[in-house]
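Here is a short briefing on one protein chain. Keep the sequence and the structure in view as you read.

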Amino acid sequence: CENCKHRKLRCNRVLPRCTRCELREVECVYPQRVKRKTFTLSSRSPHATPGIGSITSSIPNRHSTVGREGAEHIDLTAILNEALDEVQARRQRTFAIRYITEDVTISKEMARNWIDCYFTMMTTDIFLGLIDRKLIELVPDLLESSHVTLDPAVLVVYFGILYHGCSLSDESDYPFGKASSKYVEKLYIACLRSIPGWQREAKGTSTDLIAALFMSRVGLASFDYKLCFSVYKDACKNAQCLNLHMLDAKEDILLLKSATLQDYRKGVWELMHMDMFFHLLFNQPLRTSSSLEEWRVNLPQLDVKDVQAVPATAFLFNSRITFIIARFFRVVKEGSTDAAAQLAEIESLCTETEELFDEWEIDGWIRRSSITQLDCWLLADSAIMGYTCIIFMLRRMIDPLAVSSGPVTSDMDIRNSPHAYNAAHHIIGLINFLMEKFSTLETMSHLFGLYQCHIPFAYLASNVRSSSDVEMLEKVANNIAKVTKDEADFLPLSNGLRLSLQVSKNSLTGIT
């Protein structure tokens, strides 16, 4: 609009009045433009929400491209990326204000309930054995004492535990249960406020490592990627300062208690997995080590009996995926001048990943009625991670000789292949499975914040093969609309999914 243009601000082009003009309560005037061909969702779908961003009103020409077959193609990946960018921007604006003005008061009873919930539900959390539960349980009382000053790192860990415990708490023991979003958001603000004091005094201790890992996850769940990757970088520095990547090369390793040693080993392997995964999905530089050959960390001893069987299985499956990702990066790094040979190697890694699912029977195990809700979540989480790796490895096949893959910004960034279709199809099925079992904002944030599930959604919507594909996509859109109906910050994503769904329906029926 003219006002945004004059103030040199980005306008979201909402009609009849953009958001900035709406907030300032001024007249919103748009320049006269030559009418051009657009696709309007609101005119074809009863689900469209008028006035919520340009994403739902039309598809701008910048998202219309020439497709692989030479026909005009609506770029759904670009549209959903823009939707997710808008979600991120809205969340930042919301919390920037609340960070200053919000009153965060947590009763001792709620705090103790959330602490208990965290330690009950998160029995397999990274470096859990390094957290002093007795100390954490004392913190609600210590905060009221004028004679005690808590270590800032302990305070960060405390609020991180409350955040996760609140997200997990529910009468039915669902992992991402029906916890009040109001308290989850309040605890996110408490986390943000505790970070500066901790970062000023951090000394690279094991508590600093735990604090950084907690805040990295909190950042991802809140679509705050800047926070996530900043503190994740700190976590990796702390791990190296503690020399954890050379754990089994130490002469004094026998001085560690067996349980502590196994927890260290398991935590380091999980940290390595996070490093590889962030590098693959978000193009983040490898933080812990540029080469696996430099590592001296044995696999931990795992308890595969009774209650630990599923966590052990998930850990081993994730470790196998980590090795595949490492080999993928080696193929890319060695940079064969023969593009066809490199494509064949990448496709072979995708096939190997698919074979892992058959070998471990992951998909069938997830839906067994005999496993607990927590075990179901662990396995589904691992499955989505594995299929997501396939899609992002295939990104490299578009230009195998490029130095850097970069993020997925367009439908053209992922090569059309049976591997991509199979992975996207399974991810959409798993999203529906999890959203029906754990229908909360926290589940949605985990799936779309960490796993970038809008990418497989856009891929499947652009490559629908049958009405069953459309039905799966529609179920995702409905599930997301259900949990975001009272959350204005997430409306761009919900509307973007609706728009993509309509495009996929038109594609299947032959409507241009």
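How many helices and strands does the protein chain have? The chain has 20 helices and 2 strands. Keep in mind that this is a predicted model.

**The chain overall**
- The protein chain has 512 residues, and 56% of them count as buried.
- Take the contacts with a separation of 6 or more: 72% of them come from residues 24 or more positions apart.

**Cavities**
- Across the whole structure, the search finds 6 cavities of 30 Å³ or more.
- The largest cavity holds about 1,200 Å³ of space.
- Its lining has 49 residues. Closest to the centre are Met122, Arg217, Asp381, His446 and Leu450.
- Which elements give two or more residues to the lining of the largest cavity? They are helix 4 (76–101), helix 7 (152–168), helix 8 (181–201), helix 9 (206–221), helix 11 (258–282), helix 12 (309–334), helix 15 (373–395) and helix 17 (441–450).
- Helix 11 gives the most to this lining, with 7 residues.

**Helix 16**
- Helix 16 covers residues 418–437, 20 residues in total.
- From first C-alpha to last, helix 16 reaches 29 Å. That is close to the 28 Å expected at 1.5 Å a residue.
- Is helix 16 mostly covered or mostly uncovered? Helix 16 is mostly covered, with 14 of its 20 residues buried.

**Leu316**
- Leu316 sits in helix 12, one of the elements that give two or more residues to the lining of the largest cavity.
- Why does Leu316 count as partly exposed? Its relative accessibility is 28%, and the partly exposed class runs between under 20% for buried and over 50% for exposed.
- Setting aside neighbours within four places in sequence, Leu316 is in contact with Leu302 and Trp360.
- Leu302 lies 14 residues from Leu316 along the chain. The C-alpha atoms of these two residues are separated by 9.3 Å.

Conventions:
Residues are numbered from 1 along each chain as its sequence is written. This is a predicted model: local features need pLDDT of at least 70, side-chain atom pairs count only at pLDDT 80 or more; totals for chains, interfaces and linings use all residues. Side-chain values use heavy atoms; hydrogens and water are left out. Helices (H or I, at least four residues) and strands (E, at least two) are DSSP runs, numbered from the N terminus. The expected span of a helix is 1.5 Å times one less than its number of residues. Buried means under 20% relative accessible area, exposed over 50%, partly exposed in between (1.4 Å probe, protein chains only). Contact means heavy atoms within 4.5 Å. On a 1 Å grid over the protein atoms alone, a cavity is a set of points where a 1.4 Å probe fits but cannot get out, and a pocket is an open set with protein on both sides within 12 Å along at least five of seven lines; lining residues have an atom within 4 Å of a point. Grid points are joined across faces, edges and corners, and a volume is the space filled by probe spheres set on the points.
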